[in-house]
Amino acid sequence: MTGTVLTTRRVDAYHALTVVAPGIAERFRPGHFVGVAVGGARTSMLTRRAFSVHDVKPDYGGTVEFVFTVRGPGTAWLAERRARDTLDLVGPLGRSFPLPRDPVTCVLVGGEYGSATLFPVADALQQRGCRVDFVLGAVSADRVFGALRARRMGETTTLTTEDGSLGMRGRVTDVLPGVIADVRADAVYACGPMPMLGGVTAVAVEFDIPVQVAVEEQMACGVGVCMTCVLPVIGDDGVTRMVRSCVEGPVFRGERVRFDDVGTIPFDALGAPGGGTRNAG
Amino acid sequence: MPVDMRTYLGHVELVNPITTAAGCAASGSELAQFFDLGRIGALTTRSITMAPRAGRPTPRMAETPSGMLNAIGLQGPGVDAFLERELPWLDQRGVKTVVSVAGGTVAEYTALARRLTDAPGVGAVEVNLSCPNIEDRGRVFARDGAASAEVIASVRSVMRYDVPVVAKLSPDVMDIVSVARACVDAGADALSMINNPLGMSIDTEAMRPSLAAVTGGLSGPAIRPLAVRCVWQVHAALPSVPIIGMGGVLTGQDAFELILAGACVVAVGTALFHDPYACLRILRELEELLAARGFHRLADAVGLAHRPPGATTRHRIDLEESSL
């Protein structure tokens, strides 16, 4: 579907685009993402770029906002969009964050612009009477996303930077155990780079509390047909499968994702090389 | 007047010439969220293998100019799960299904064909010949006419007589016509081309190959001229053999180009990643284009570009006759 750009703005090191897209806004739930075509109608860039939705508002029938950083020609093109330009979007895509039925205490952990995904979750949690605490981190101060908003929404907000330019020096996983213990957290929600999600999951497992993570994987289609965004995930039956992060995810129970094996085919995964069809294809 | 879009794959009638390319529609249900699968001529499955396959590690994809490289490694649930869940799902919805099969040995293809022969809902079988032949030091079947013919003959011999067997050819060969002829002689009812040529890209930031598998299949508009050339050459040599044309079809005009070269069915692949609605849009554009050129039937356009220079097109004759 076609969306019209409403506003574009810089947020520290990132770009935020607000697009009028009622069809997406209407069906959005926290954790969903959109697939955006880049480069215009006659482009040589064929794959869609996937962005998780940061904010949904009812203005103009429904708007969605997503946050991104310029990584290549596609995102550079996107960063040049101005108000009233049109964008080709598909969404909302993926599986959203499951929410607790009872009012519990949740720690929301964001790395880099992954924190953008957490604000709709925080909203939904607070509507259910949950207590929300934030832990946000990045390499440097200008790459911490949403610190101000987190301070407004959360009971507590802990910031970390690896260079010490904002908050505590270090990583989110350094402060997370303390936060979980202090606030007596019942659950953790996280979004950010893969190694961070692995670390956050390890902490949550240590405390024996549930952890939901939204993974970031390279996708070509976002709708489940291209099979490029797979990662090893342990199923209910204990079997590891290479599952697509676009349709089976991007939200997973943290302990189900084999973070150490991301980027490989674990030998014990279903259909892993070694059988009779080893070299086929 | 609407254009008659019906086409035939062997004796199997398709309501229109648009299908999905193997490996670009997963199990079908993913695309069914976007459009009614019954509205396209056929759905081609990903290549089904005997055992479940986890495929290649990530990164599996790299965008290239007007195309992309992929190295999925035939990830799939295996033939048992396919027959249990995916095929019945498609069959119940009345979707004409072309089942793509892949194996590492002739025996494996034969065993797969035998499993499919009793299964309801198999509209045609497309034999993916681009798998390395385990028995032949890993050489790809499609690169060798004799090896391809052996697979096709074996699949043909066990497949039900009323299910067309389609040989999918690779452009990475010296002489695609000779491979095509070997497949047809071995019993292929139709040919499909082109499979992804092999390509590679290097991430200049990391200074490493972009794909975990190092090389991958190149798809998208970047390979369309290659596809048009292959379809043209094979149609010229074997004009009576139905051809499923594919390679970078993004628009109705692209589909028309392959039809003029000799394809009677056109498969949409990479375009689906860009636009999940691509099949129906391309079908609509193709129909409008045919109507604008004065065609009443799609069949009249198949291979039309092969007519000698100076010859008038069919519809011009029609116009002259009607003006008499």
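How many residues does helix H6 of chain A have, and how far does the helix reach from its first C-alpha to its last? In this predicted model, H6 of chain A spans residues 194–207, which makes 14 residues, and reaches 20 Å, close to the 20 Å expected at 1.5 Å a residue.

**Helix H6 of chain A**

Several residues of H6(A) are buried, among them A:Met194, A:Leu197, A:Val200 and A:Ala204. An α-helix has 3.6 residues a turn, so residues three or four places apart point the same way. The buried residues of H6(A) pack against one helix and several strands of chain A, as listed below.

| Element of chain A | Residues |
|---|---|
| Strand S7 | 105–111 |
| Helix H5 | 172–183 |
| Strand S11 | 187–191 |
| Strand S12 | 211–214 |
| Strand S13 | 230–234 |

After H6(A) comes A:Asp208, which has a positive phi, near 60°.

**The sheet of chain B**

Chain B contains an open sheet of 8 strands with parallel pairing, in the order S3-S18-S17-S12-S11-S8-S7-S4. Strands S3 (18–20) and S4 (43–44) of chain B are at the edges with a single partner strand each, so one side of each has no neighbour in the sheet. Within this order, S11 (residues 165–168) and S12 (residues 190–193) of chain B run parallel and are joined by 3 bridges. B:Lys168 has B:Ser192, in S12(B), as its bridge partner.

**A nonpolar patch on chain B**

B:Met200, B:Ile202 and B:Val214 make a nonpolar surface patch of about 260 Å². Of these residues, B:Met200 lies in strand S13 (residues 198–200) of chain B. B:Met200 counts as partly exposed because its relative accessibility is 42%, between the limits of 20% for buried and 50% for exposed.

Methods:
Residues numbered from 1 in each chain as written. Chains lettered and ligands numbered in written order. Predicted model: local features only at pLDDT ≥ 70, side-chain atom pairs only at ≥ 80, totals over all residues. Heavy atoms only, no water. Helix = DSSP H or I, 4+ residues; strand = E, 2+ residues; numbered from the N terminus. Expected span 1.5 Å × (residues − 1). Buried < 20%, exposed > 50% of the residue type's maximum accessible area, 1.4 Å probe, protein only. Contact = heavy atoms within 4.5 Å. Pairing = 2+ DSSP bridges. Patch = residues over 30% accessible without salt bridge, like charges linked within 9 Å, V, L, I, M, F, W, Y side chains within 5 Å. Areas by Shrake-Rupley, 256 points an atom, 1.4 Å probe, with all protein chains shown as cover. Salt bridge = Lys/Arg side-chain N within 4 Å of Asp/Glu carboxyl O.
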